[in-house]
Amino acid sequence: MITAAASMSALGLGLGLLLGAAARKFHVKTPPVVDEMERILPGTNCGQCGYPGCRGAAEAIAEGGAPVTLCPPGGRDVALKLAEIVGVDCSGGPEISGMTDIEPQVAFIFEDHCTGCTKCFKRCPTDAIVGAAKQIHTVIWDACTGCDACVQVCPTEAIVLRSKPRTLQSWYWDKPDQPLAALRTGAA
Amino acid sequence: MGALLSALLSSIRGGVHPETRKFLSAESPIEPMPIPALLRLPLQQHIGAPAEPLVARDDHVLKGQLIARARGPISANLHAPTSGRVIAVGPFPAPHPSGLPVPTITLRPDGADRWAPRLPRLRPEDAEPEEIAARVAEAGIVGMGGATFPAAVKLTLRDRYRLHTLIINAAECEPYLTCDDRLLRERAEEVADGAGIMARALGVTKIIVAIESNKPAAAAAMRRHNLGLGHPVQVRVVATQYPMGSEKHLVRAVTGRETPARALTAELGIVVHNSATAQAVHLAVRYGEPLLSRVVTVSGRGVARPANVQALLGTPVADLLAHCGGLTEDPDRLLLGGPMMGQPIRSPRVPVVKGTNGVLALTRAETRKAETMPCIRCGACVRACPCGLTPFELNARIQAGDLEGAAAVGLLDCVSCGCCSYICPSNIPLVQGFSFAKGKLAETESRKHQQEETRRLAAARTAREEAIAEAKRAAMARHKAQMAEKKRRAAEEAAQAAEEAPAEPQEAAK
């Protein structure tokens, strides 16, 4: 019985050491760019990119399998920053220049259709939806990122994404025409 | 002669000399206006947070009654300008170039103009500075030169800065506008008293009233009323030069000292208030009257009878124009404020607000809409810029989409005075481009802020969910432990029972 116990513990110890050594030797370091990219991504893990969360998306970009334009809530700004990190290699997807500067989107709830099922506010990654069971829910626009998660779970299709309404605070003048624009049209 | 010399000396760097066209309304005395059929009172007539409405539809309000309360430290109260019935509290186009709807209280005056109890009178000679500032806040007074910064906030600056001078800004450098000129000519005593009260609130003894040299009558009137609450009110004639009315430039012209970039003039120990604000403070402190009306210059060649009107806040621009004989022709542009920095409005239905110093109907002959030509690098804009910037370079960077680059060469120091656009021989819309760039930069900044907030919210949610899961696990474990304990106890009891049960027969056997 002593031999059996001794041999089993020796085997266990030996295999344990082997595993430990292997973990050290074959350790795969996550590239620091992944962390860096994860910081740039919104961090809501909304899943619109098709990867498991923002970390997954960052890893996919680092491996080169995903375009930098994968994050719809992040929009053009995030794409530009990601492109800066991975270099201008964005051949995997649509060009950034083609990516229009989309207006920020927010969720809007049609109150007539809301049944108060609480599915959407359980799903919201930024807690931007308030409500209770059998009460009409509403969206806090300042906190909404327009990630689409609530739209998909709503059983009555009462939620749509809309462009964020402009207020006096966020309004600004349009860019005036280029000085040469008039001449160009005149020549044409 | 002395005035001329002083004016020559008190000039600023750069600037332009647009045709003032003040003669259109300068000789028409301030006239009251009949109460219009409807008053529209936006909840935000000031810089800062919008006020919170205290009335609902169908409420009857009295003149001077508080109808919306300031929300937060940078905000302003709003009072009913006359007695009447509230017929709506809801969105209405703002007096703003965007014409976006903003929360507005609509009042139908009953014509009785019945006063609510006024604010208790305050004797400024004995009042504490804090009391005066609190009264100014209560009366909803904001900077009436157009910036609309809550005046009370500026009266509490002595907590943070060592102040020594109060400058009353009556430069009125914008062409066409004559409301401050008329106010000084007709109500110099009230302005001087208001200035004295503000000086007491600020704890300063030196009061200077700065007036451009093209308003000698106003300067003379002010010299006649040269005492404000016992302090001498000094009149300083400055050069007629646009943008003399800009706070920092006025301080430069009067004291020769330059305010640091993006700092307050209070850092130099100087506070600047508009002359109309001083008069409003006088009314609020001496008579307990909140800010209910203001003097508005209605001018431009498109107006049949240019005038200076004492208009109730919320008076629709259309009513004001009708009071002044209506429009002579379809105006090319309808402006709130002066022609240099005023805001074009889309519809004459929008109301007069606390910061509206002028309503201008400019005809085609007065607006210059010339074709934009390429920049010829003449440098006229650099010479004209009162802030020492290089507008052509800023513009080139903005056109190339390099907003950060534009900010690096001083975009945020631009005061949007419009001298560069005025002087440009190629008619390049320089200041318009800067307004766009500033808005765009602010938007980028707010998006960055929002991204950080999003991350914070997401992290908070994850933490909460983990805590809930952890609590569930702990409850589960506790439950399990309890169950195990129960089982163990049951087993023990059973064992004991078993032990006791067979023990008896054994004993019996013994």
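**Entry 1: helix α14 of chain B**

I began with Arg456(B) and Glu453(B), which both lie in helix α14 (residues 430-509) of chain B, 3 residues apart, about one turn of the helix. The model I am reading is a predicted one. I found that the side chains of this pair, Arg456(B) and Glu453(B), meet in a salt bridge, at 3.0 Å from N to O. An α-helix has 3.6 residues a turn, so residues three or four places apart point the same way. I then looked up accessibility: Arg456(B) is partly exposed at a relative accessible area of 49%, and Glu453(B) counts as partly exposed at 28%.

I noted a network as well, in which salt bridges that share partners join Asp35(A), Glu38(A), Arg55(A) and Glu59(A).

**Entry 2: further salt bridges**

I recorded 30 salt bridges over all chains of the structure. One that I followed is formed by the side chains of Glu31(B) and Arg305(B), at 3.2 Å from N to O. This pair links distant parts of the chain, 274 residues apart: Glu31(B) sits in strand β1 (residues 30-32) of chain B, and Arg305(B) in the loop between β14 (293-299) and β15 of chain B.

Arg252(B) is partly exposed, with a relative accessible area of 35%, while Glu258(B) counts as exposed at 58%.

**Entry 3: surroundings of Gln310(B)**

I located Gln310(B) in strand β15 (residues 307-312) of chain B. Its side chain makes a polar contact with the side chain of Arg187(B), at 2.8 Å. The side chain of Gln310(B) makes a polar contact with that of Ser293(B), at 2.8 Å. Leaving out residues up to four places away in sequence, I listed what Gln310(B) touches, including Ile30(B), Glu31(B), Pro32(B) and Met33(B).

**Entry 4: helix α6 of chain B**

I asked which residues of helix α6 (residues 216-224) of chain B are buried. They are Ala218(B), Ala219(B), Ala221(B) and Met222(B). Seen down the axis of α6(B), the buried residues fall within an arc of 160°, so they line one face of the helix. On the face of α6(B) turned away from the buried side, I found the exposed residues Pro216(B) and Arg224(B). The cover over the buried residues of α6(B) includes α5 (179-202), β10 (206-212) and β12 (231-238) of chain B.

I counted 7 helices and 4 strands in chain A, and 31% of its 188 residues count as buried.

For the contact, I noted 42 residues from chain A and 34 residues from chain B. The two chains bury about 3,000 Å² between them, 56% of it on carbon and sulfur atoms. Between chain A and chain B I recorded 2 salt bridges; Arg461(B) forms a salt bridge with Asp127(A), the closest N and O atoms being 2.9 Å apart. I also recorded 12 residue pairs in polar contact between the chains, both residues at pLDDT 80 or more. On the side of chain A that touches chain B, the elements giving two or more residues are α2 (32-40), α4 (75-86), α5 (119-123) and α7 (181-187) of chain A. The residues of that side divide into 21 nonpolar, 8 polar and 13 charged.

Definitions and conventions. Residues numbered from 1 in each chain as written. Chains lettered and ligands numbered in written order. Predicted model: local features only at pLDDT ≥ 70, side-chain atom pairs only at ≥ 80, totals over all residues. Heavy atoms only, no water. Buried < 20%, exposed > 50% of the residue type's maximum accessible area, 1.4 Å probe, protein only. Arc of directions from axis to C-beta. Contact = heavy atoms within 4.5 Å. Buried area = accessible area lost by both parts, 1.4 Å probe. Salt bridge = Lys/Arg side-chain N within 4 Å of Asp/Glu carboxyl O. Polar contact = N/O pair within 3.5 Å; in protein donor to acceptor, adjacent residues only side chain to side chain. Nonpolar A, V, L, I, M, F, W, Y, C, P; charged D, E, K, R; others polar.
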